[in-house]
Amino acid sequence: MLGLYPEIEPYVQGMLPVGDGNEIYWEECGDPEGKPVIFLHGGPGGGSSPRHRRLFDPERYRIVLFDQRGCGRSTPNCATPEADLSVNTTWHLVADIERLREHLDIEHWMVFGGSWGSVLGLTYAETHPARATELVLRGVATLRVKELQWLFGGGAAFLFPEAWSRFLAPVPFSRRQDNLIEVYHELLSHPDPAVHGPAAIAWSRWEGETVKLRPQDEVIDAFSDPAFALAIARIENHYFRHGGWLAEHQLFRDAGKLRDIPCVLVQGRYDVVTPAITAWELSQVLPTAELVMVGDSGHAFDEPGTLHELISATDRFASDWQGASTHRHEERNADMLFGDEHVRRYEETDGEVGHDWEKGAPCLILTTKGRKTGEDRKFPLIYQFDDENNPVIVASKGGAPEDPGWYKNLQANPEVKVQVKADKFTARARTIDGEERAKLWEKLAAVWPDYNEYAKKTDREIPVVVLERV
């Protein structure tokens, strides 16, 4: 199973004025000479995240991400009163994408979008078919009435009745048979924070509770954050009550414009947010569509089966890219493990799978306590032993300016759990310095020479940590 590529940082980022008082945040990662791809996040209003960068091979892609109007790092944010939603529509976003393409001097690019991003990707590609080299779409939606009624009219409630009751909680009992998208518009537009605040959290939490095949507390908590919830709830409600400013079936009607564009549709069989019927119906009218139905996934992009298919698609489309240096065209090992999948296989096999990682570097599994959530967080990390047979690890984060999350976790709580092959034990983390650090750094860099390159990229002294058995 393919997983996320390693963490990377942008090599350039900025704010682009797009008119109407809006500025959108954008960033580029990966190879500046690589195959251009534009990532379109979900929501609308969800924003992009560092994990989205990792859907693409950084040695073969020029990865462009941006936060759409009103959300993320773009300004003004729709959680603030000064945000004008009248200048935030699908067609404004399509124009923003073109403005960003021109600003970055990119002739054409692959279009990658999930959930709402699939709607925006289809709309953009049908408007500017000459600019899209390929389409990779996940959790496919087109904002038809039946799709919106499924999620906000009670259909999905048959599967998630407890979550649906929480979604209904802010709605007056006498209004619960009305059009709930319109009722929520009134609640979210109310000037009193005591009204629009709980409504925003209830709206956003409904998505957080249904987005995964198996709901996860950390995802629900993220969707319940008041600032995030207010922005995404206002934007989503604004878009959905207008049907995305698209005619019913418009994206199906105009699918013929995409006849020369290779397209992969990756769809979770048990996706409750954007049910599989839309992807299937679209595949019947999209001439070049390859529909991949993932039998054990819901809506989220990072569920293992969906993630594997998405990265399989991006790897495949990168294989034909001729713009980068030939030494970067080596095929990625399809058996290589990353992230959550690496942890899962390692634990299942006691390290028989996953211990000897890329280039033969040995890996352990570190379990920390989340400094905010208190939940276990697991990370596969390269290690070596010190003279006392204690594992030693490096908090490099690829030379990023900030320490990785796992290091911040163990700073807050240095007691951790460690697994080295079948050996599982509790340890206390200790950051080392001076001669001890220099000696062990040399030992670690011998098995992973990139550590020396990471050190050149950052102003921070990269922490080296000994995991002392207790």
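**Helix packing within the annotated domain**

The unreviewed UniProt entry annotates residues 35-300 as "domain: AB hydrolase-1"; such annotations may be inferred rather than shown by experiment. The model is predicted, with local features requiring pLDDT of at least 70 and side-chain atom pairs pLDDT 80 or more. Residues are numbered from 1 along each chain, and side-chain values use heavy atoms, without hydrogens and water. Over residues 35-300, the chain is 40% helix and 14% strand, with the end C-alpha atoms 25 Å apart. Helices (H or I, at least four residues) and strands (E, at least two) are DSSP runs numbered from the N terminus.

In helix α4 (residues 161-168), Ala 163, Trp 164, Phe 167 and Leu 168 are buried (under 20% relative accessible area, 1.4 Å probe, protein chains only). These residues fall within an arc of 140° about the axis of α4 and therefore line one face of the helix, the arc being taken from the directions from the helix axis to the C-beta atoms. They pack against α3 (145-152), α5 and α6, contact meaning heavy atoms within 4.5 Å.

The axes of α5 (residues 180-189) and α6 (residues 193-210) come within 8 Å and cross at roughly 140°; axes are lines fitted to C-alpha atoms, over the stretch in contact, and angles run from 0 to 180 degrees between N-to-C directions. Ile 181, Tyr 184, Leu 187 and Leu 188 of α5 meet residues of α6 including Val 195, His 196 and Trp 203.

How values were computed: Buried < 20%, exposed > 50% of the residue type's maximum accessible area, 1.4 Å probe, protein only.
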